[in-house]
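Dear colleague,

My notes on it follow directly after.

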Amino acid sequence: MTLPSLLELTPSQEAVVTLPFDGGHLVTGPPGSGKTVTAAYRAWALATVGRPTALVTHSNLLSQRTAHISAPLSEGIRVTTFHRWLRTFWNDNFACDPPSDDVGEWSYDWAAMLDSCIDKPPNRVDDLVIDEGQELPPDFYRLCRFLAVRITVFADDNLGIGEDQTGVADIGRILRTTDGPLLLSGNLRSTREIARLANVFQVRPQGDPVPLPHRTGDNAVLLHCRHPDAFLAQLSQFITAHPDHSIGIICRSAELQRDIHRRLAARGHASSVESYISSDISRSVVDFTSHHVHIIHVASMKGMEFDAVFVPDLDAYPEDPTGASARRRFHVLCTRTRSMLYLVHYNQQEPEIIADVSPDLLERRRI
């Protein structure tokens, strides 16, 4: 993905970029409406007035992608993850790590943090732009309000797949925003066919239905494979035939990520393929410039987008298809692709989550 120019921004994106610098602002929009691009330009606008500005994401992979696309804008923007920003902020002001509760080092004692800020008000707080803000805990926003942080939050209730989430309405209430949420309109990413399939899994649309994109393409495909080797052969052919496409392979286990990477490398794609595994230090940094095939975990897919997406382990999704979490996960899966989506299963019976999807929306093939 390349960053569009200022002249290419939509009117609703321009309205967000030029919001007043003071106070708190809340922005929402459907998948593909350009939230990450607009967040990058909003951070750029804030940085132009000379204040330290941080563009904060919920995950390390999204932080790397955002840094990649926003690099042409300004050196004044610091792209970082939520945990990294919070720990840096706390060390800069209190010379120690933020207090954690009994759950673990990534779970914070917000009451103790607030007490510390009351006793010793921080000397410096960045202006913040938050992407995927629904993934951050409500106590974080309470702390931001107490500190009077200049903050712009981009969030979407329909994309929340984590455990410690804050709804859009709750973010606005906590921050006491007065001008929102502002809505980024339209789907600038997906084809009409992909958007129709994604709508099947949407839990609760916000406001009026999102108009379908004008750009058209092929239907998503459900591949019933007789053996993993058959799928890997098809995937290898696809990579060879589409050297200019960004390709995302979204897995539910790190073991499968490593196995697919090894098999693709053995088929001659070592220079094209890269895996992101957060727990593996040798695979925790990605290069979006030199690799066009990325094998990622489903937990890291938020905010990512590719020309084509493969889900190679549909049998590993046994959840109740009527459950909100399962539907949100599939909604996010479908909306990661710009044009092509391939869902792969091996069992004779179709996974329940997609078994009732109409052939008009999901083409069936056997290999």
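Which residue of strand 6 does V27 stand opposite? V27 stands opposite L182. This is a predicted model, in which local features need pLDDT of at least 70 and side-chain atom pairs count only at pLDDT 80 or more, while totals for chains, interfaces and linings use all residues. Residues are numbered from 1 along each chain as its sequence is written, and side-chain values use heavy atoms, with hydrogens and water left out.

Strand 1 and its partners. Helices (H or I, at least four residues) and strands (E, at least two) are DSSP runs, numbered from the N terminus. Two strands pair if DSSP finds at least two bridges between them. Strand 1 (residues 24–28) pairs with strand 6 (residues 182–183) in the parallel sense over two bridges. With strand 5 (residues 151–154), strand 1 forms a parallel pairing over four bridges, in which I151 is the bridge partner of G24. Five of the five residues of strand 1 are buried, so the strand is largely enclosed by the rest of the structure; buried means under 20% relative accessible area, exposed over 50%, and partly exposed in between (1.4 Å probe, protein chains only). Both faces are covered, with G24, L26 and T28 on one side and H25 and V27 on the other.

Strand 10 and its partners. Strand 10 (residues 293–297) is mostly covered, four of its five residues being buried. Strand 8 (residues 247–251) pairs with strand 10 in the parallel sense over five bridges, and C251 has H297 as its bridge partner.

Nonpolar cores. A nonpolar core is a set of buried Ala, Val, Leu, Ile, Met, Phe, Trp, Tyr and Cys residues joined through side-chain atoms within 4.5 Å. The largest has 32 residues, and L197 and I354 have the most contacts inside it. Helix 11 (324–334) is among the elements that give two or more residues to this core, and its five residues are the largest share. Leaving aside neighbours within four places in sequence, I354 is in contact (heavy atoms within 4.5 Å) with F201, L222, L314, F330, L343, L362 and R364. Another core, of 30 residues, lies apart from that one and includes A54, L128, L143 and V168.

Helix 5. I118 is found in helix 5 (residues 110–119) and counts as partly exposed because its relative accessibility is 46%.

Yours sincerely
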